[in-house]
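Please open the model in a viewer and keep the selection panel at hand.

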2 protein chains.
Amino acid sequence: MAPRGEFELIADLLRPLATDPAARALTDDGAVLTAGADDLVLVKDAVVAGVHFLATDPPGTIAQKALRVNLSDLAAMGATPTHYLLALIRPRSADDAYLEALVAGLVQDQEAFGVSLLGGDTVATPGPLVLSITALGRVPAGTALTRSGARPGEDVWVSGTLGDAALGLQVLRGAWQPSEDAAAALVRRYRVPEPRLALGSALRGIATACQDVSDGLVQDLGHIAQQSGVSVTLEAAALPLSGAAVDAPGALEAALTGGDDYELVFTAPKDARGRVEEVARRTAVPVVQIGATSLGTGVAVLDDAGEPLALAGAGWTHCWN
Amino acid sequence: MAPRGEFELIADLLRPLATDPAARALTDDGAVLTAGADDLVLVKDAVVAGVHFLATDPPGTIAQKALRVNLSDLAAMGATPTHYLLALIRPRSADDAYLEALVAGLVQDQEAFGVSLLGGDTVATPGPLVLSITALGRVPAGTALTRSGARPGEDVWVSGTLGDAALGLQVLRGAWQPSEDAAAALVRRYRVPEPRLALGSALRGIATACQDVSDGLVQDLGHIAQQSGVSVTLEAAALPLSGAAVDAPGALEAALTGGDDYELVFTAPKDARGRVEEVARRTAVPVVQIGATSLGTGVAVLDDAGEPLALAGAGWTHCWN
C-alpha cells in the first residue's frame, strides 16, 4: 500500500482524536471554542527526534512525551488541560504502522488526561520527526500560577523524585547498567513523564511561584529566582532520589542539573506548610521541602556541611546529540 | 560570536514580539488569555523548507509566509486575528543574522496585521527549517464561517486572482521566464501571500461556506462540496487571472490546481449578490462569480463550450521537492 497522503492521514488517523465538537472533526480551516468565565492558558512545546527523545524510542511513547511535556507546562500554571493542536512533521521513512502506533499513544493519553485534539496538520519531510503541540487549559480567572510571586523567606518544595529521567537517558545510551527493574523505571521516566496536573491545580492559592523541571532543577529554579527577584538556597541532602537512582553514579548531579523530570518545583510561605502537606496527601503526590528563598539573586546549593557545592554544569540543554 | 542558545534566542529575538501582557513576556510556562464574549478560533499550519517555501527564500518572507498562511485560515473562518504561538525548529546552520532577518519579517507583519506573539519555543536540529504556528482569532459568538453551509443553487465566488503563486514557484525553479515585472509579481505571490482578513470578516452572515485556496481551487472547493453535501460547477472562462499570469503557459491549470494562492473561495445565495459586491467594494478586494452549486457531489469544470474539462491533476500536494 502506498503511504498515506496528508488528507488520508488526517482523515484516518487524526480525525478520531478530534472528539470535541469544537474541533469540527478537523473539516474546517480551524476550531471554534466558546469562551467561558475561566482564563485560558496556552502552552507550546515542540519535541524533536534526537533532541527530546531518541529516534529509536517506541512511537507511542514519543507521542505521549510530546503531549505530556505540554501538559506539564499547564500543570505548572495550575491549569486543567482541555485540548491540544498538533503539527506532525513526519519523516518519509515513517510508515503507516509507525504513524498508527504514534496515534495509539495519543488515544491512550487523551483518555488518561481528558483532552482531545482541536486541530492538526501533517507534513512529510526528509526528517527528523517533529511533534509541535499547542496545549490549552483553563483556570478560574486570575488564579494561574506564575514564576514571579515568590518572596524572601519562603519554602522551596519539589514533587516526586529528581534525576531519574537523565539517568534513564544514560541507560538508553549504554553509559550505565543498573538492575533490570531500575533500568526499566528510569527509562520510563525519560520516555513517559508524568505531568503533575492534580498537584498543580491544587496548589492554586497556596504556591507563590511554580514551574516544571524540564531543563534541570537549578536552571529552572533560576527562572523563579529571576522572575520573583529572590535568591534560592537548596540543600543537596534534601533532594528526593528514587530507589532506582539513589545508588547511581552521578545521581546528585542528575538531580540538580538533569532535565526531563517534569516534576513541579514551587515556593510557598512557611505558614502554608500544613496546606502543602495536605495537598500532597490529597493528590497522592509526594512533595519535600528542599530549600528556602531569601533576599538576593540566583540559586545556591549547599552540601551537608552547609558549604556551597561546586556544580559541573548549571543545567541541561536539549540539543542534538 | 557563538550562536545563541535557546534561552538567549527567546530573550533576544522572540521576547520583543510578545507585546501583549497575556504573553507574560514569555517568562512563564504559558500564556494566560482572559476570555471574552467572542468565540475563539484556533488554526494550526506548519511550514517546512523545501515543502512550503524554498530554503533559498529570504528569511523575512519565510517567516511572513508561515504567519500569513495561518492568518489566511482565520480569514476563511471570518475571524479577526489576535495572537500566535511559534515553534521555531531551526537548522544549526541558521546563524544569528538569519534568525534576526526571520524575526524582522515577523515584526513587520505583527504591525501590519495587529497580532502579537503569545508563546514560543525554539529547537536547533540538523534541519530542515520548520515554523510551526498556532494562530488565534475572534468572531462574535456563533458567527464563524465554515465549509458546511452551502446549499444547492448558490453562487460560487473567489477573491483576487488564481494561479499566480504556482507560476511564481515555476519562475523560481527556472521553468519559465516572463518579463521582469511579471516575474517579481508572481514570485511575491508565492513568497508572501495576502490573507484576505477584511473580506473574510465582512462575509460573516453573507457567505454560506468559505475556505482559503491553499491546495488548489478544485481540491479546496472539493472540501466545501463534501462538507456541504452539494456539487460545484466551475466555468473555466470565469477564473480570474492576473496580468502577469494571463499569458503564462499552463495558466489555466495553475488557476485550477495550483496551490498557495490564499484567496478566499466562498458560496452565497443568489439574492446576496448585491451584498457580496458591496463587501468587495468596501474591503477593496475584487471578487468574481466563478460557478454555482447544485444537487450532487464533487467539483466539475466546464470549458467555453460548456463541456467538462479534463484535468491533468486534481490538486496540489505540498510535498518535499
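Which residue of β2(B) does A:Thr34 stand opposite? The residue is B:Asp39. This is a predicted model, in which local features need pLDDT of at least 70, side-chain atom pairs count only at pLDDT 80 or more, and totals for chains, interfaces and linings use all residues. Residues are numbered from 1 along each chain as its sequence is written, while chains are lettered from A and ligands numbered from 1 in the order in which they are written.

Next, select β1(A) together with residues 39-48 of chain B, the strand β2(B). The two strands run antiparallel and are joined by 4 bridges (strands pair if DSSP finds at least two bridges between them).

Now display the contact between the chains. Chain A contributes 54 residues and chain B 53 residues; two residues are in contact if their C-beta atoms, placed from the backbone, lie within 7 Å. On the side of chain A that touches chain B, the elements that each supply at least two residues are β1 (31-34), β2 (39-48), α2 (59-76), β3 (80-91), β4 (116-125), β5 (130-139) and β7 (209-212) of chain A. Helices (H or I, at least four residues) and strands (E, at least two) are DSSP runs, numbered from the N terminus. β2(A) gives the most to this side, with 9 residues.

Finally, colour chain A by domain: domain 1 covers 6-139 and domain 2 covers 155-302, with bounds from an automatic or database domain assignment. Their C-alpha centres lie 26 Å apart. The contact takes 16 residues from domain 1 of chain A and 18 residues from domain 2 of chain A. On the domain 1 side, α2 and β3 of chain A give two or more residues, and α2(A) gives the most, with 10 residues.
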